[in-house]
Amino acid sequence: MSERKLKAAIIGCGMIAYSAHIPAYKYFSDKYELVAICDVFEKAAREAAEKYDIPSYFTNAEEMLCSIKPDVVSICVPNMLHKQFVLLCLEHDANVICEKPLAFTLHDAKEMYALAKSKGLSLMACQSMRFTPDRIAAKKLLDNGEIGTPYYGEFSRIRRRGIPTWGTFHIKERSGGGAFIDIGVHMVDAVLWLMGNPEIYSVNGSTCRKLHKEIGTLQSSGALTGSVQNARKFDPDEMNVEDFSCGTITFKNGARINFKVAWAANLRDETTIRIIGEKSGVELPDGIIHRGIDDDSALEMMPEKYECGSPFSGHFHVVEDIYDVVVNGKEPIIKPEETINVAGIIEAFYRSAELGREVAFEELL
Ligand SMILES: NC(=O)c1ccc[n+]([C@@H]2O[C@H](COP(=O)([O-])OP(=O)(O)OC[C@H]3O[C@@H](n4cnc5c(N)ncnc54)[C@H](O)[C@@H]3O)[C@@H](O)[C@H]2O)c1
């Protein structure tokens, strides 16, 4: 039995709230009481409240915060609204889980964490994809020094046809960017974390948009995953973000990460990570460790802790973790300095793509 229950609330009642945050708070019913939900569309908030037996619903976040005074708030609105709601929740003394990406710029991420720190509150970016069994096992391997110092990493996150079509992910003014900021951010976060969050020197990035007109294929490709609520009609002519991106992140210690990320590409679906150090190299998700000339072994993986029947079991880990951070003063798994670096990489990546040259981290300060 947990020491005390935290009052939880959610802002933004769309796909990820339904598929991940509500189920996670409900699962940990000994730790949380999900007391309120808010969406700018009254119908969305009301239906979620009715369906999940949530006592209150609101259409205005500030009203909800004033009236409910939640201990923890999940922010599940489109990317462009993250900052304003994070600051609002912190100002109202709530701890925050903010959906990814927390921020698009180094400055914004620092500002958010500075406020959290000054208020003695926890702010956690919902980098929920760290928690797959292969990544957890690889993290142990790297932390135990079994790879040595990682000097090269690469990741590839390819959806063959998977532009998100239910919300506003394809509209820059709402999302801040396309494939890189949406699914690339999980990979950047995971690989940085695995490699020990080394100091970043620069980012070189490029983006393009090639396949967004294939709306018929997209709609039938399974891009609409999870329990999508309030889906808005996808108009490919509105799409002004990239469907393909690639680049390099360089670290001050000389290490590099090369990557490619696609919402749509003429390749098979793929989510792979490779990290090399002087002692060994590891490939994910297969979990193969390579040493010497032919010494290959398998990474020891524990089964997924939370079988929630959706691709969002990582959210259960995040919701569980912040409870222990808030109530028991535990160190967060997802640390501010890691998320600040991810935000800086996002900023440098898009600036590099726009300028057509490498962007040093120092230029962002
Ligand atoms: N961690 C993950 O794996 C993961 C997966 C999917 C989405 N996400 C993130 O979650 C966020 C939301 O994505 P989604 O797929 O649920 O989008 P969505 O479009 O399905 O839902 C967004 C909801 O926010 C509501 N909203 C918009 N403005 C609002 C306001 N001012 N006040 C209150 N509510 C408002 C909308 O009405 C909508 O219901 C995005 O930042 C996305 O990147 C994360």
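**View 1. The shell around the ligand.** The residues of the shell around the ligand comprise 16 nonpolar, six polar and four charged. The structure shown here, as in every view below, is a predicted model. In total, 26 residues surround the ligand, and the closest are Gly12, Gly14, Met15, Glu99 and Gly167. Helix H1 makes the greatest contribution to this shell, with three residues. At least three shell residues come from each of domain 1 and domain 2.

**View 2. The contact between domain 1 and domain 2.** Domain 1 is formed by residues 6–126 + 311–334, and domain 2 by residues 132–303. The centres of the two domains, taken over C-alpha atoms, are 25 Å apart. Contacts between them involve 13 residues of domain 1 and 15 residues of domain 2. On the side of domain 1 that touches domain 2, helix H1 (residues 15–27) gives the most, with three residues. That side of domain 1 has nine nonpolar, three polar and one charged residues.

**View 3. The largest nonpolar core.** This core has 114 residues, and those with the most contacts inside it are Ala36, Ile37, Cys38, Ala48, Ile75, Val96 and Val191. Helix H8 (residues 179–194) supplies the largest share, 12 residues. The core lies between domain 1 and domain 2, because both give residues to it. In soluble globular proteins, nonpolar side chains tend to be buried together. Beyond residues up to four places away in sequence, Val96 touches Val73, Ile75, Val86, Cys89, Leu90 and Leu123.

**View 4. The surroundings of Phe131.** Phe131 is located in the loop between strand E6 (123–126) and helix H6 (133–143). This residue is buried, because 23 C-beta neighbours lie inside 10 Å and 20 or more are required. Apart from neighbours within four places in sequence, Phe131 is in contact with Ile136, Gly314 and His317. Pro78 is 53 residues from Phe131 along the chain, and the C-alpha atoms of the two are separated by 23 Å.

View 5. Ala44 belongs to helix H2 (residues 42–52) and counts as buried, with 21 C-beta neighbours inside 10 Å. Gly167 is 123 residues away from Ala44 along the chain, with 14 Å between their C-alpha atoms. Asp53 is in the loop between H2 and strand E3 (56–58). Asp53 has a positive phi near 60° although it is a residue other than glycine. Asp53 is exposed, since 8 other C-beta atoms lie within 10 Å and the limit for this class is 12 or fewer.

View 6. Lys69, in the loop between helix H3 (61–68) and strand E4 (72–75), has a positive phi of about 50° and is not a glycine. With 14 C-beta neighbours inside 10 Å, Lys69 is partly exposed. A cis peptide bond with omega of about -10° joins Lys100 and Pro101, and Pro101 is in the loop between strand E5 (95–99) and helix H5 (106–119). Another cis peptide bond, with omega of about 10°, joins Leu284 and Pro285. Pro285 is placed in the loop between strand E12 (281–284) and strand E13 (288–291).

**View 7. Helix H11 and the glycine after it.** The 20 residues of H11 (residues 336–355) should span 28 Å at 1.5 Å a residue, and the end C-alpha atoms are 28 Å apart, in agreement. Of these 20 residues, 15 are buried, and H11 is thus mostly covered. Gly356 follows H11 and has a positive phi near 70°.

Terms used: Residues numbered from 1 in each chain as written. Predicted model: local features only at pLDDT ≥ 70, side-chain atom pairs only at ≥ 80, totals over all residues. Helix = DSSP H or I, 4+ residues; strand = E, 2+ residues; numbered from the N terminus. Contact = placed C-beta atoms within 7 Å. Domains from an automatic or database assignment. Nonpolar A, V, L, I, M, F, W, Y, C, P; charged D, E, K, R; others polar. Expected span 1.5 Å × (residues − 1). Near = placed C-beta within 6 Å. Core = buried A, V, L, I, M, F, W, Y, C linked by C-beta atoms within 7 Å.
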